[in-house]
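Please look at the structure below with its sequence beside it, and let the paragraphs that follow lead you from one part to the next.

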Amino acid sequence: MTRYPRDLRGHGPTPPDPKWPGGASLAVQFVVNYEEGGENCLLHGDAASEAFLSEIVGAAAWTGQRHWNMETIYEYGARAGFWRLHRMFTERGMPVTVYGVATALARCPEQVAAMQEAGWEIASHGLKWIEYKDFPEADERAHMEEAKRLHAAVTGAAPRGWYTGRCSMQTVRLAAEDGCFSYVADSYADELPFWMSFGERHQLIVPYTLDANDMRFATPQGFNSGDQFFAHLKDSFDVLLAEGRAGAPKMMSVGLHCRLVGRPGRAAALARFLDYVAQHDDVWVARRIDIADHWAATHPPVVWERPSQMDRARFVDRFGGVFEHSPWIAEGAHGLELGPAHDCALGLHNALARVFRMADADRRLAVLRAHPDLAGKLAQARRLTPDSTAEQASAGLDALTDAERARFQDLNARYTARFGFPFIIAVRDHDKASILAGFERRLENDADQEFAEACRQVERIALHRLKEMLPQ
């Protein structure tokens with residue numbers, strides 16, 4: 001048995017209504033990444049200089065050397081860029097979340113005071129602005145603990161949000177196991193918050209963005225002018241706002257860096273976007289912690305028994321009758337690669353149907369023959385399975401006149417004599433009249449056509465049953 005841990009389904013085709021405050025059609029969240037003073041540098045005990053997200057596109061780390069140009073680019077973010085962004089947001093009264101690298105915050109007390117005076121949320125951006133992909137788990141956990149300690153010492157309060165950014169495969173799990181964070185932002189997987197489970201811990205994820213992000217000024221094939229940045233932000237905003245007004249509100253994150261968008265030519269584009277957002281009354285501009293608190297109160301985690309996490313015995317007991325009297329199909333499906341995508345009706349149906357479709361003709365014929373006649377003797381004797389009883393009742397087949405019952409008996413006998421298995425139709429798609437019409441029509445099929453059609457109907461019946469058992 002193998003289980004696939006990645007969740008490729010998420011909220012599915014119909015995401016939940018976030019019910020943003022005031023009936024807002026869109027939540028917009030601005031993040032100022034404060035990394036200046038926390039980047040790779042020999043002065044910070046690192047082995048090499050910084051090489052990421054600067055005006056030097058494609059820069060290489062200098063092992064054992066300081067990099068004057070790189071250091072002064074980061075210094076610009078703290079000395080000039082931050083204050084420009086601070087003025088832009090405070091003059092407009094727009095809230096901000098700061099992703100603050102703990103060592104950077106410790107080296108910039110005036111900026112921290114300005115963040116706090118403005119009422120900005122200061123979330124943790126880790127201990128240092130370095131790459132964690134190759135860190136041993138114990139070392140990364142130790143850095144997380146030290147980041148929390150230093151953050152609280154510098155700001156006066158522990159961080160409620162976490163975003164590493166240059167993370168490892170264990171980062172989100174470590175943050176969840178820590179248990180102190182109202183949200184973790186190390187995901188780009190959605191446009192709405194979602195919950196992840198780690199053991200008994202349900203961790204809220206408030207996903208971030210790398211596209212509506214000024215980091216693309218510092219990457220190949222990124223933005224090379226403020227106009228491009230503004231156009232991308234505006235187009236993203238317009239699409240999401242239109243979807244929200246149509247009944248599917250989302251969240252838009254905008255990622256900013258003091259040393260990048262804090263430059264005058266780029267700041268002008270950001271200012272235009274802030275003013276554009278302010279023109280819309282049905283937009284909620286919020287801090288990330290406000291979104292997290294709202295989501296946790298409005299959509300708390302729901303604990304339920306997921307098929308992909310069931311052991312074999314429980315899985316077969318629960319789904320062994322979805323294909324009538326054919327538990328071997330559930331047994332086969334349990335051995336497939338299952339994951340979160342199979343925890344909904346359509347997903348699990350696909351897994352079960354795969355086993356049915358790959359079986360030889362004799363095994364599929366046995367499934368067809370396991371189905372009861374419509375309005376037949378088993379129904380009259382009340383010996384149908386609960387599913388079949390409910391299905392036949394839904395089309396009124398439990399309340400036939402004598403003439404109708406005689407007609408069904410005749411059709412059943414003719415059909416079985418012709419094809420060797422009972423007539424099968426997903427009665428939940430039909431009423432009594434259309435079932436009878438289907439009976440007459442399908443009696444004209446040849447054997448191969450009708451075998452294929454009966455198999456399709458078996459799968460359709462299974463889907464209806466799963467829709468009553470699982471989320472859609």
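Helices α9 and α10 are oblique to each other, a word that here covers angles that are neither under 35 degrees (roughly parallel), nor over 145 (roughly antiparallel), nor 65 to 115 (roughly perpendicular). Helix α9 covers residues 312–319 and helix α10 residues 327–334, and they pack at an angle of about 140° with their axes 9 Å apart. Axes are lines fitted to C-alpha atoms, for helices over the stretch in contact, and the angles run from 0 to 180 degrees between N-to-C directions. The helices themselves are DSSP runs (H or I, at least four residues), as strands are (E, at least two), and both are numbered from the N terminus. The contact, meaning heavy atoms within 4.5 Å, is made by Arg312, Phe315, Val316 and Phe319 of α9 together with Pro327, Ala330, Glu331, Ala333 and His334 of α10.

All of this is read from a predicted model, in which local features need pLDDT of at least 70 and side-chain atom pairs count only at pLDDT 80 or more, while totals for chains, interfaces and linings use all residues. Residues are numbered from 1 along each chain as its sequence is written, and side-chain values use heavy atoms, with hydrogens and water left out.

A second pair of helices is α6 (residues 226–245) and α7 (residues 264–278), whose axes come within 8 Å and cross at roughly 20°, and these two are therefore roughly parallel to each other. On the α6 side the residues in contact include Phe229, Phe230, Leu233 and Phe237, and on the α7 side they include Ala269, Phe273, Tyr276 and Val277.

Leaving out residues up to four places away in sequence, Phe237 touches Leu26, Val28, Met252, Phe273, Tyr276, Val277, His280 and Val283. The largest nonpolar core has 54 residues, and Phe237 is one of those that touch the most other members, as are Phe30, Tyr34, Phe89, Met252, Leu256 and Phe273. Such a core is a set of buried Ala, Val, Leu, Ile, Met, Phe, Trp, Tyr and Cys residues joined through side-chain atoms within 4.5 Å, where buried means under 20% relative accessible area, exposed over 50%, and partly exposed in between (1.4 Å probe, protein chains only). Elements that give two or more residues to this core include β2 (26–34), α1 (68–92) and β9 (250–257), but the largest share, eight residues, comes from α7.

How many residues of helix α5 (residues 171–178) are buried? Six of its eight residues are, so that the helix is mostly covered; they are Thr171, Val172, Leu174, Ala175, Ala176 and Asp178. These buried residues pack against α4 (137–155), β5 (161–162), β6 (183–184), β7 (194–198) and β8 (201–205).

The loop between β8 and α6 holds Arg216, which is partly exposed, with a relative accessible area of 22%. Gln221, in the loop between β8 and α6 as well, counts as exposed at 78% relative accessibility, and Arg216 touches Gln221 along with residues including Leu210, Asp211 and His232. Most residues other than glycine have a negative phi, yet Gln221 has a positive phi of about 60° although it is not a glycine.
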